[in-house]
Amino acid sequence: MKRSLVLAGGGMRVAWQAGVVRALAEEGIDFHHVDGTSGGILTAGMLLSGVSPEDMCRRWLDVDVKDFGSALPVGDYLKGPWSLPAIGDADGILNKVFPALGVDADAVRRHATAPDAVEGSFNVVEFTEKRCHAIDAKDIDAELMAAGMSLPIFLTPLRRDGRIWTDAVWVRDANVAEALRRGADEVWLIWCIGNSPYWGDGPLEQYVHMIEMSAMGALLADFEAAAATGRHFVLHVIKPEHPLPLDPEFYLNRVDAGTLIGMGYRDARSYLDSLQPEGVAKDAGCTAMTEPPPGVRFNDTLRGDIGGSPLTFRATVVLPTAAVAGPPRFTGYVDHAGVGGRVFVADGRVESDGDQVTYRGKVRLGGSWQELSVARTLHDDPGPDAWMDSRRAELALGDTRTDVRMTLADAAGLLASVEPVGAHGFIDRAGAAAGFAANGLRELLHRY
């Protein structure tokens with residue numbers, strides 16, 4: 001059985017895909033072909049350059065998101081907004097992002113010619129023909145890979161030999177057809193483009209909506225073409241439950257790569273836990289998401305040590321400001337040399353019992369699952385900062401227990417990380433943040 005990994009775009013948010021790839025690797029799911037489109041080119045490029053899933057996750061932490069764009073010559077900006085070729089160019093991607101992530105076009109080409117090599121393809125649009133080219137890994141180069149991520153308006157296209165190459169997003173954002181052309185019997189589609197019923201106002205949100213419509217239109221056309229020719233294949237789709245934060249939130253440090261990777265690991269584990277051999281239906285529902293209830297997202301970081309080696313626990317909590325079914329959720333990780341570095345939490349949930357708040361989940365160690373809990377007691381002091389009154393907690397991982405503590409810097413980081421979710425527009429976002437500030441963590445958790 002031939003299995004293809006199809007990595008859809010998603011801008012800088014494709015850090016999320018590193019968490020997905022790590023979860024798939026832990027389950028021993030390997031692929032005979034890897035295809036990348038738009039931001040998915042980064043993930044495909046890392047895999048085909050020989051970067052391990054664990055190293056992919058580590059490397060994303062060293063990426064400066066501001067390197068995704070670099071300035072044009074001053075003269076271009078003097079032309080004025082109506083003649084501006086783009087906001088920036090792809091030099092930052094070529095010279096900084098690719099090296100930081102270990103994307104090496106020479107290594108990709110060498111790998112492609114090795115015996116029993118995993119096949120690779122990268123999707124780039126040639127503007128003159130208005131056609132998407134699935135460029136084989138044997139023929140790819142760094143400039144073409146960067147061109148495949150050069151979203152119009154934001155980055156200039158690649159001009160080469162009288163042709164213009166740019167991001168394929170307006171033609172397709174996930175090339176299932178190429179996977180089928182290469183003989184795939186099973187396609188794993190990794191999808192981090194938004195696909196919810198919400199229609200937002202403003203140029204940014206509507207630009208994103210246009211991408212969503214193009215991406216889904218092309219995906220459905222691939223499904224219809226396969227059905228029309230009687231081409232059977234099994235489809236698996238890993239996607240977020242709710243749309244991921246948009247690129248500006250990553251760029252402005254409202255969400256970081258570690259958080260996105262943790263979300264990807266969580267979403268992959270959720271799918272793997274309910275995996276059906278027949279896959280999912282090949283229709284518009286396969287990538288559908290729901291909007292999250294209004295609430296806030298924040299990072300809770302606690303530190304300690306085991307055997308003299310430092311330990312860090314990070315929980316990224318999404319806390320609705322109104323009661324919803326089930327406990328609030330969190331994504332996160334434990335970072336400690338004794339567990340092999342950073343391991344990500346699956347099935348993270350936040351429970352409250354009186355003054356005690358407990359993070360519960362599981363982590364995979366040595367091929368088996370270990371239960372994780374981090375329990376802290378919140379003192380019942382009055383005032384809007386009651387949730388900050390206790391900074392100590394007990395971490396239990398399998399049979400190991402240790403005290404962990406929130407430092408003053410971590411407390412400041414928690415405050416700085418508070419970001420509204422599921423709220424659109426200034427008034428709704430301000431209301432979500434105000435509800436958190438007024439009630440605090442302890443009071444909000446008492447609703448569950």
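**Second largest pocket**

I sorted the lining of the second largest pocket by residue type and got 18 nonpolar, seven polar and five charged residues. I am working from a predicted model.

Next I looked up the volume. The second largest pocket holds about 770 Å³ of space. Its lining has 30 residues, and I noted those closest to the centre: Gly11, Met12, Leu151, Phe154 and Asp247.

Which helix gives the largest share of the lining of the second largest pocket? I found helix 9, with four residues. Helix 9 runs over 203-228. Helix 10, at 247-251, also supplies at least two residues of that lining.

**Helix 1**

I then turned to helix 1, residues 15-26. At 1.5 Å a residue, its twelve residues should span 16 Å. I read 18 Å between the end C-alpha atoms, which agrees.

Is helix 1 enclosed or open? I counted ten of its twelve residues as buried, so helix 1 is largely enclosed by the rest of the structure. Buried here means under 20% relative accessible area. I listed the buried residues: Ala15, Trp16, Gln17, Ala18, Gly19, Val20, Val21, Arg22, Ala23 and Leu24. The charged Arg22 is on that buried list.

Just past helix 1, I checked the backbone at Gly28. Its phi is positive, about 75°.

**Annotated region**

Over residues 5-181 I got 36% helix and 16% strand. The end C-alpha atoms of that stretch are 13 Å apart.

Notes. Residues numbered from 1 in each chain as written. Predicted model: local features only at pLDDT ≥ 70, side-chain atom pairs only at ≥ 80, totals over all residues. Heavy atoms only, no water. 1 Å grid on protein atoms, 1.4 Å probe; cavity = no way out; pocket = protein on both sides within 12 Å on 5 of 7 lines; lining within 4 Å. Points joined across faces, edges and corners; volume = space filled by probe spheres on them. Expected span 1.5 Å × (residues − 1). Buried < 20%, exposed > 50% of the residue type's maximum accessible area, 1.4 Å probe, protein only.
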